[in-house]
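Please open the structure in your viewer and keep the sequence beside it. The tour moves from one selection to the next and says what is found at each stop.

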Amino acid sequence: MTAFFERWMTYEWSWFLATIIGILVIALPLMLAVAMIIYAERKIWAAIALRRGPNVVGPWGLLQSFADGLKVFLKETIIPTNANKGLFLIAPIVTFTVALIVWAVVPFAPGVVLADVNVGLLYILAASSLGVYGVIVAGWASNSKYPFFSALRAAAQMVSYEVSIGFVLICVVLYAGTFNLSAIVLGQQGHKLFGLLNGYGFNPLLFPMWVVFFISSMAETFRTPFDLVEAESELVAGHQTEYSSMSFALFWLGEYANVILMCALNAILFWGGWLPPVNWAPLYGFLFTPELTGLFWLFLKMSLFFFMFGWVKATVPRYRYDQLMRLGWKIFLPLSLLFVVLVSGWLMLTRYGGPPA
């Protein structure tokens, strides 16, 4: 796109304009996707509970999320008297902004990525870790006991499961030999069953790591059964208790943008990203171009993982806090460490010709 604009302006301005357009092309559909997945998730919950779900506003209830957004937009922003006003208003902005910046390195199709950096996986790990600051600052600045308890829980929960996620990602990087997300996707082409299957998830050594990553991604995004941060039976609404209007909406937008991101990472790191599940030539370009076909496969996989997120939320009861910590520290951490040793040992034997003499 930069080359296209260079016909009329200098390289610097061309790059700047192309980057701004790329950001908008990602951010605006993402905001629309958040509205639609909230509707889709409510429909999933309703189907599991044998109810109808949203069905009044617009055809089949499709405009329900937009009606809710308009209602929130028109409400008054109330700031508690004894709250730290600056931090109170900054917290939802931090949550929303961090949820957006991570998408800069996510590859949607061959060559369709805003910043194809060599350390893309490290960037995602670093940037997504900042999301907890929005929750902690919101809990502390509200000057209320329930949001403060929520902030303490969020800090402990994020640290507990990020450790396991880090070791899981080490296993993927060992197999791929790179931190570049596009290269990780391409490394999964023809990975198993005599080159027929695309995806590290088909590998017996990496499938357990995908299970750990999938469960940890629910904990990282504070989803049921790990929604102790927002436990309505204990903490009213957690760190969001004192928020209203658009400041409350920014927390929701950030939370669901992170959910979509985790669905994308599950697909990209373990199930071939934009690649079809089967390594068969007609499946790579049946939608006019390889780029459109890649988008189709990635969005299909993301939709499947989002359905699984909604399914778990509708069926699994909330963990106690001691169960949450035990799963993270006593089960996932030793298991992921063990598989780092197994994967590196297996690669030493098969790829690098055994241990050094």
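Which residues form one aromatic cluster? Select Phe202, Phe207, Trp210, Phe214, Trp271, Phe305 and Phe309 together, and you have the members of that cluster on screen. Keep in mind throughout that this is a predicted model.

Helix α12 covers residues 290-315, and its 26 residues, at 1.5 Å a residue, should span 38 Å, which agrees with the 38 Å between its end C-alpha atoms.

Now turn to the aromatic pairs, of which the structure holds 22. One of them joins tryptophan 103 and phenylalanine 108, whose ring centres are 6.0 Å apart and whose planes meet at 5°, so the pair is stacked. Tryptophan 103 is buried, with a relative accessible area of 3%, and phenylalanine 108 counts as buried too, at 12% relative accessibility. For another arrangement, select tyrosine 161 and phenylalanine 332, where the centres are 6.2 Å apart and the planes lie at 85°, so this pair is edge-to-face. This pair links distant parts of the chain, since tyrosine 161 belongs to helix α7 (residues 145-176) and phenylalanine 332 to helix α13 (residues 321-350), 171 residues apart. Both tyrosine 161 and phenylalanine 332 are buried.

Stay with rings for one more stop and select lysine 145 and tyrosine 146: the charged end of lysine 145 sits over the ring of tyrosine 146, at 5.3 Å from its centre.

The next selection is serine 128, which lies in helix α5 (residues 120-129). Is this residue, serine 128, buried or exposed? With a relative accessible area of 19%, serine 128 is buried, because the cut-off for that label is under 20%. Its side chain reaches the backbone oxygen of isoleucine 124 at 2.6 Å, and, leaving aside residues up to four places away in sequence, serine 128 touches Val102, Met158 and Glu162.

For a contrast, go to glutamate 76, in the loop between α3 (64-73) and α4 (85-101). Glutamate 76 is exposed, with a relative accessible area of 61%, and it touches Ser244 and Ser245 when residues up to four places away in sequence are not counted. Drawing a line from glutamate 76 to isoleucine 23 gives 30 Å, C-alpha to C-alpha, for two residues that are 53 residues apart in sequence.

Two further loop residues deserve a look at their backbone. Most residues other than glycine have a negative phi. Tryptophan 60, in the loop between α2 and α3, has a positive phi near 60°, and at 67% relative accessibility it counts as exposed. Asparagine 143, found in the loop between α6 (131-141) and α7, likewise has a positive phi, near 55°.

Finish with the cysteines. How many disulfides does the structure hold? The structure holds zero disulfides. Among the cysteines to select are cysteine 171, which is buried with a relative accessible area of 0%, and cysteine 263, which counts as buried at 1% relative accessibility.

Terms used: Residues are numbered from 1 along each chain as its sequence is written. This is a predicted model: local features need pLDDT of at least 70, side-chain atom pairs count only at pLDDT 80 or more; totals for chains, interfaces and linings use all residues. Side-chain values use heavy atoms; hydrogens and water are left out. Helices (H or I, at least four residues) and strands (E, at least two) are DSSP runs, numbered from the N terminus. Buried means under 20% relative accessible area, exposed over 50%, partly exposed in between (1.4 Å probe, protein chains only). A polar contact is a pair of N or O atoms within 3.5 Å; within protein, one must be able to donate a hydrogen and the other to accept it, and residues adjacent in sequence count only if both atoms are side-chain atoms. Contact means heavy atoms within 4.5 Å. Rings of Phe, Tyr and Trp (its six-membered ring) pair if their centres lie within 6.5 Å; planes under 30 degrees apart count as stacked, over 60 as edge-to-face and the rest as tilted. A charge sits over a ring if NZ of Lys or CZ of Arg is within 6 Å of the ring centre and within 35 degrees of the ring normal. A disulfide is a pair of cysteine sulfur atoms within 2.5 Å. The expected span of a helix is 1.5 Å times one less than its number of residues.
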